[in-house]
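I opened this model to look up a hairpin, a helix, the nonpolar core and the salt bridges. My notes are kept in the order in which I looked.

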Amino acid sequence: VELVLTQIQENDIPNTNACSLLSWIVIELDRLTTSNLIRLCDLCIDYVSKSSSAQQTGWKDLLPKILTLLSKKEEIDHYGSDISGENYKKQIIVALCQAKWHSDILSSLASMFIHIPMNDEEHAKVVSKLCSGLEKLEPNAIPPLVHQLLRLTRNQGTVTLLLSLKKYYNERIYKLNDSIGMLDDVPLDESTNHDNEDVEVCKKEVIESERMVLYHIKDMGKKCPGWNELIKVAKSCTSAPQVILNPFFIAVLLIVSNVPSHHSEIMMLLKNMIKNVSVEEEKRQESDWMRKVLNCNCNVDTVLTKLIRSKACEEEGVLDGLVSLSITLLMPLPFKYSEFVIKRVARYGRMIAVNLAVKHVIVTGTVLNAIVNNIIRNPQCMQYSECLCELCDSCPMLVIDYPDVVKRLLEVLPSLPATAAFRVTAALISLIRVSQKLRDKLILTLRQSLFIHDPSSRQMAVSGFLQLLKRLKIKGISNSLSQNSFQAYTCPSVFTQTCLEIHSQTSNPVNSGNNEGICLEVINVLKRCFTQQLPVKITLYSALHRALIRNPDLCIPTADIFLEHLGDFYEVDEDMIPPLNFHKAISIQQSEVIVLEPLGHLLFIVQQIIVTSDRINCNVDDEDYHVNSTKLHKLMESLVDRFSKCQNKHLDLDEEFEGSPEAKWREERLRQCLTVYQALMAYLLSTWDISKTVEDVQKLLSLFRAHSSFVEFAKNKKYEGVKKKPGTKDATLNTPGKKNSFSFPETVLDFDAVIRMLSLLMGEVDWCLDGVAEELKNKKPFRRYAFQCALEVLLKTKSLLTAYKPKSLLGNLKTLGKLIMEKCMKCFDEAIQFDTNSSINMVEVFNEILIIIFTKFNKHLSSFLAEICDVRESLGLNSQMDVILNIYLNILNKILDGSAEDEDEDPKFKRLLGVLITGLEAISLELPIEGSCIGKVTKWLTDLAQTRNITVLPVVKILISLLLKLHSRCHSDAPLCDNLALQLCELFRPINDIEIERSPINFELVNATTKTTIFPLLCSSLNERLNAVDWVIVRMKSEVGMIHYTDATLTSPNSRKARLKCKEKEVV
């Protein structure tokens, strides 16, 4: 036997022959004596350290059988010492682990150890030694070794193997500077950071090696006990996710997730890890102490992007797992998480879905079906419809290849809630540029939805048609209409086209030649809205102008339609006041007041059509068009003249508002009149040009005076109450003579109207002659009205942003913000001297602009500030924010320094101080942490709290809350909290006789009046600090649990243990 083994070791004998010889020897080993078995065992161990190739591994077949036989011996004479067979086997395993292993025999060693019985400690040592040799192997040698190691670690040691593989492929493929934990002492060197490197530049051998390894992992089967160990360790790392969030490790987890018993567990595990990364990012933003303690680095975007771009993602198990992960991430989080975390997690889900659909076409259908299923199952969840919109925008040609998915969307579209239906419609309209058949089917679906009784379905249909008008670009319709009026224009019906084209085309790109006919037919369809419910009409009137801006040629046929419709309510008799028939617009049905026509919205869209048409189609040579345009102008001018003369008696406002249906009808008429006045004033401003004179200013002022008188009446009107029969309980529903709040209507104005109004009031414009509008500019009430309208437009827009974000909104906010910044904020002293109330409104408007930018357009913040502050983006966000911050601080300093103590009770002072502090809070919370501005604000707030006694409790609440937040962001220690606590203890007095330490710093802002307001704010701040400590402790426990894994992070276990002691001291 020794001779055969020696020959195999020393000569290059073919594997087939060697195996045949060794198989016979293995059978005969049972006949050998114990001493012979020991001799063979020693010989095998000697050859293990001397072997340098796979052909010299004859010992791998003999040693397991020899050790098995010897371990059964009760006593063995090993060179003069008696030991048990089991102890002898342990010594042999120790000797093997201490021997030097050549990298070419690692697979043979792993194969050998599979058949050697070992306890947990011995198994861990062997696996650790084998895994330590991975680093020196060539890529093509990894899969064979991993195949054997997977068998060896089937019951335990799987995580050690996977961590070693993660380290191996990360260094060669992904090159992420990952696994930087709070217990690692390796600094994050930006110069060696390869996060942005493309995974496709690495060697082909490494890529193929990884794919084969993943195949072996997948081939392990469904009943591998090692997966339970993997999931257990992964769960323990949810608070320290940087260990697991690596492309290779995620790929392994995704493959395991295809095992039904582990699917939901792994999906939620990965989601919790990604969620915790976002939560920690938010916490680190809020706490300077956490930023110093947690020196971690985990870029989820980079990890997911590299995984999707890698060849590993082409494995079926990884692809299927990623699809499931994207849907899981899109599932809504509980409301206890902040908006930042909820949006960030959903964004990761969208990113995975879109990248998978684009990069890996094989799963595009699966992704689409999964998203559509969830839209149908949970339409209230906006994440799925947002993802669908992004998919349709990014890869329309891929989406259109799945007609069954599109068909399902069209079928469920009418039954979806309003917000979801709007987004799905927007997604489908993104596809019409590549499919004419889809365009026609969508029009049919929208047309059918107009006949559904539910107003929300009809609103969806109208919104869809208007989006369609914006997408279908047309040219030259003005020329065609100059030959044929709209009433005489005929084109094949969409329904006829659909039937004719279904057999003659595939999904061809939209033929722009048919767009004119389609658009005109859509406008004809929208005429049906004039007989629909109020919400449907408002939807049409509010959004039609955006479609006309994109296709101004449609103003001609649209003007014809609205001229006819407005004529139904217009009183031809010039002596009739009011000049609109409100009885047709408002009716009483079963004692309820029903609004049939929103006249204010109608007039506003009419004036928009007039202005747009005049600006763009002024050169159209069409007699009918010019006749209709003249009619509209005369009609609007007549309305302006007659509404200027309207008084209370014309609206029967002198009669009592006793709560009867007739009184409610008069109240609704008053409400409609207010919107009519807004629309008419907008008409005068929109049509203003250099030909206007002082007489035109008087027209505008007359309208405004009439509007103001009705507003004042509405604010001060009284109710007499509804009379009941004598003897019944509660003779009236309302107390006679008691003031009751009037519900003012929502403004009908838009950004264009308020920008034009404010431009005229606050600066020189090229469309108005100098001196003509001087009287208007000097009218304080009109200035207040202008800013109030701007504020109402902003608030209305803000409420709609959850469902729809107009593309023009950012440009409007820039224009309005720059106007207010240049003409008001930078010269606030002049503005407040002119009128305090309008200045307060102006600051409120500017605050709302900033809040919308901060919350909805944060990625455009730098470009917005560059526009309004004239500070280049290259100078950095801190320099840009410094301009706005200085303006607010200077205004506040002047107001506070110039105010007397008795002014604290002045309502104007309270309101102005409140809006300025609210704006300062919004700005301060967006300041970059690394800049100087945040320190400036913190110091200003601290000085203010120490020197100023402010009794306006809402202002005190904002000031102290902001001071505590900024102090936490800037300082690791908490002297502010200590001083506030000591001063509050002194104010509240102790419940026992213990003497309380006096605060070394006295805050004038903390006094008997404000103590009950400040106390809960301090408690909340302390609670946040304790939560931060708790978070760090939990994270530390997770990292401690991974210390004994050598390849878990970049530093050694001993180094991490030493650093743990330092971190524990920091937490304490």
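The entries below go from the ground rules to the individual elements.

**Ground rules.** I am working from a predicted model, in which local features need pLDDT of at least 70 and side-chain atom pairs count only at pLDDT 80 or more, while totals for chains, interfaces and linings use all residues. Residues are numbered from 1 along each chain as its sequence is written, and side-chain values use heavy atoms, with hydrogens and water left out.

I began with strands E3 (residues 586-589) and E4, which run antiparallel and are joined by four bridges; helices (H or I, at least four residues) and strands (E, at least two) are DSSP runs numbered from the N terminus, and two strands pair if DSSP finds at least two bridges between them. Isoleucine 586 stands opposite valine 595 in E4. Two residues lie between the strands of this hairpin, and glutamine 590 takes a positive phi near 55 degrees there.

I then looked up isoleucine 594, which sits in strand E4 (residues 592-595). Its relative accessible area is 32%, so I noted isoleucine 594 as partly exposed, where buried means under 20% relative accessible area, exposed over 50%, and partly exposed in between (1.4 Å probe, protein chains only). Apart from neighbours within four places in sequence, isoleucine 594 is in contact with Ala585, Ile586, Ser587 and Gln589, contact meaning heavy atoms within 4.5 Å. I also noted that the C-alpha atoms of isoleucine 594 and tryptophan 665 are separated by 8.6 Å, although the two residues are 71 residues apart along the chain.

**Helix H16.** For helix H16 (residues 316-330) I recorded 15 residues and a reach of 22 Å from the first C-alpha to the last, close to the 21 Å expected at 1.5 Å a residue; the expected span is 1.5 Å times one less than the number of residues. Because 12 of the 15 residues of H16 are buried, the helix is largely enclosed by the rest of the structure. Among the buried residues are Gly317, Val318, Leu319 and Gly321.

**Core.** Next I looked up the largest nonpolar core, which has 354 residues, with Phe643 and Leu749 having the most contacts inside it; such a core is a set of buried Ala, Val, Leu, Ile, Met, Phe, Trp, Tyr and Cys residues joined through side-chain atoms within 4.5 Å. Helix H33 (residues 661-686) gives the most to this core, with 13 residues. Domain 1 (1-156) and domain 2 (551-691) both give residues to this core, so it lies between them; the domain bounds come from an automatic or database domain assignment. Not counting residues up to four places away in sequence, phenylalanine 643 touches residues including Pro578, Cys673 and Leu703.

**Salt bridges.** I took a salt bridge to be a side-chain nitrogen of Lys or Arg within 4 Å of a carboxyl oxygen of Asp or Glu, and by this rule the count comes to 34. Arginine 347 forms one with aspartate 301, the closest N and O atoms being 3.0 Å apart. Arginine 347 lies in helix H17 (residues 339-359) and aspartate 301 in helix H15 (residues 300-309), so the pair ties together parts that are 46 residues apart in sequence. In helix H33, arginine 671 and glutamate 668 are three residues apart, separated by about one helical turn; their side chains meet at 2.6 Å, N to O, and both residues are buried. Finally, I noted a network of salt bridges that links Arg211, Lys311, Glu314 and Glu315.
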